[in-house]
Amino acid sequence: MALEIRPGPVLADRTTLRLGGRALAEIVFARPEEAEGLGQALESCGGAPFILGRGSNVLADDGERPLVVVSPRLRGEPVILRQRPEAGIRVRVGAGVKLQRLVAWLATQGLSGLGGLVGVPGTVGGAVAGNAGSYGDDLGAVLARVRIWSPQTGLAWVGREGFSTAYRRFTLTGVAGFFVVLEAELDLAVREPIELRQEMVRHLTDKKASQPITAATAGCVFKNPPGASAWRLLAEAGFRGKRVGGVGFSEKHANFLVNYGGGTGREALSLLAAAREAVRERSGLELELEVRVAP
Ligand SMILES: Cc1cc2nc3c(=O)[nH]c(=O)nc-3n(C[C@H](O)[C@H](O)[C@H](O)COP(=O)(O)OP(=O)(O)OC[C@H]3O[C@@H](n4cnc5c(N)ncnc54)[C@H](O)[C@@H]3O)c2cc1C
């Protein structure tokens with residue numbers, strides 16, 4: 001399949017929160033080299049580019065959205081590139097592969113480093129771009145190289161000297177603005193598969209008990225401020241279970257926004273604004289969004 005421009009998708013169909021109106025267009029491609037056509041395709045579509053993986057960390061507003069969805073369907077299955085147990089085993093994987101497919105594959109290979117991310121939905125590209133993390137593991141800790149396309153660099157492999165990661169943050173040094181993650185290489189440690197699997201089962205059991213994982217959500221909507229928990233601040237400010245129309249903060253986990261059905265982007269954004277203000281007034285702390293709001 002070559003790079004393809006399709007009519008604008010409805011974002012509610014493409015995000016796990018199931019919110020959002022219609023984008024202008026969608027650019028779909030399946031091979032890293034096809035990203036070289038992105039500049040021209042974006043120009044012809046004429047809107048703000050917004051990359052969508054699985055849409056599991058995205059909140060989109062209602063109505064006609066002035067954006068062009070970029071969908072990297074880069075399904076390159078994980079492969080082992082180098083076997084050097086003392087330096088870690090290097091694995092390459094496509095950005096469009098589901099993170100859970102990678103996590104499960106790593107467990108069968110006895111490779112450790114991302115087991116804490118068991119149960120986290122989305123694609124490898126989305127996990128790299130947001131430095132997804134859970135139970136002490138995150139992409140930034142194992143990411144060795146990333147292949148990107150940006151208008152500035154074109155197609156390029158970038159090593160650790162070319163990017164930095166922090167809590168839910170991935171920054172390319174010297175690349176301003178738009179970039180697409182196409183492939184990632186990870187350095188992973190060797191571990192007994194049975195131990196890995198047991199640990200992952202424990203993490204998943206904890207998550208099922210503490211998070212509304214089957215509801216329409218985007219995971220945690222706010223980042224934890226240094227030294228504090230966003231869910232606790234929200235609960236203390238009275239936002240656990242609080243609803244506006246069809247959306248509300250979960251009773252199970254106060255930092256998970258849930259679309260209970262028929263919710264709108266407007267309702268979600270107004271609830272988030274009210275929560276930020278209440279937390280600011282009560283604790284003096286500023287909650288920063290973890291969920292990405294599509295323009
Ligand atoms: C039930 C549930 C539990 C969750 N638990 C966690 C958790 O424990 N830890 C955690 O970190 N997150 C968690 N999340 C949030 C989410 O799953 C992760 O952030 C995930 O990595 C997002 O991947 P995605 O493919 O869905 O990205 P999307 O939601 O589609 O996109 C997220 C952001 O990344 C950008 N992006 C996506 N793909 C690319 C790419 N190829 N190149 C460049 N930019 C890109 C998008 O433009 C957007 O800004 C949870 C979500 C849910 C619904």
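1. Helices (H or I, at least four residues) and strands (E, at least two) are DSSP runs, numbered from the N terminus. On that basis Leu-186 is placed in strand β15. The model is a predicted one: local features need pLDDT of at least 70, side-chain atom pairs count only at pLDDT 80 or more, and totals for chains, interfaces and linings use all residues. Residue numbers start from 1 along each chain as its sequence is written.

2. Burial is judged by counting other C-beta atoms, placed from the backbone, within 10 Å of a residue's own: 20 or more is buried, 12 or fewer is exposed, and anything in between is partly exposed. Leu-186 counts as buried because it has 26 C-beta neighbours inside 10 Å. Two residues are in contact if their C-beta atoms, placed from the backbone, lie within 7 Å. Leaving aside neighbours within four places in sequence, Leu-186 is in contact with Val-91, Gly-113, Val-142, Leu-143 and Ala-144. Gly-140 is 46 residues from Leu-186 in sequence, and their C-alpha atoms are 9.3 Å apart.

3. Arg-90 belongs to strand β7. Arg-90 counts as partly exposed because it has 18 C-beta neighbours inside 10 Å. Not counting residues up to four places away in sequence, Arg-90 touches Leu-81, Arg-82, Ala-144, Glu-185 and Asp-187. Between the C-alpha atoms of Arg-90 and Val-221, 131 residues apart along the chain, the separation is 32 Å.

4. Helix α2 (residues 99-109) has Leu-99, Leu-102, Val-103, Leu-106 and Ala-107 as buried residues. Seen down the axis of α2, these fall within an arc of 135 degrees, so they line one face of the helix; the arc is that of the directions from the helix axis to the C-beta atoms. The partners against which the buried residues of α2 pack are β7 (88-94), β8 (111-112), α3, β15 and α5 (193-210). Gly-110 follows α2 and has a positive phi, near 70 degrees.

5. Helix α7 (residues 265-283) has 19 residues and spans 27 Å from its first C-alpha to its last, close to the expected 27 Å; the expected span is 1.5 Å times one less than the number of residues. Which residues of α7 are buried? They are Gly-265, Ala-268, Leu-271, Leu-272, Ala-275 and Val-279. These cover an arc of only 130 degrees around the axis, which puts them on the same side of α7. The face turned away from that buried side carries the exposed residues Ala-273, Glu-277 and Glu-281. Packing of the buried residues of α7 is against β4 (58-59), α6 (230-236), β17 (243-244), β18 (247-249) and β19 (256-259). Just after α7, Gly-284 has a positive phi of about 75 degrees.

6. The chain is divided into domain 1 (4-72), domain 2 (79-210) and domain 3 (217-293), with bounds from an automatic or database domain assignment. The contact between domain 1 and domain 2 takes 15 residues from domain 1 and 17 residues from domain 2. The centres of these two domains, taken over C-alpha atoms, are 23 Å apart.

7. Around the ligand there are 32 residues, of which Gly-53, Gly-122, Gly-125, Gly-126 and Gly-219 come nearest; a residue is near a molecule if its C-beta atom, placed from the backbone, lies within 6 Å of it. Elements giving two or more residues to this shell are β3 (48-51), α3 (124-129), β9 (133-134), β15 (180-190) and β16 (217-220). The largest share, four residues, comes from α3.
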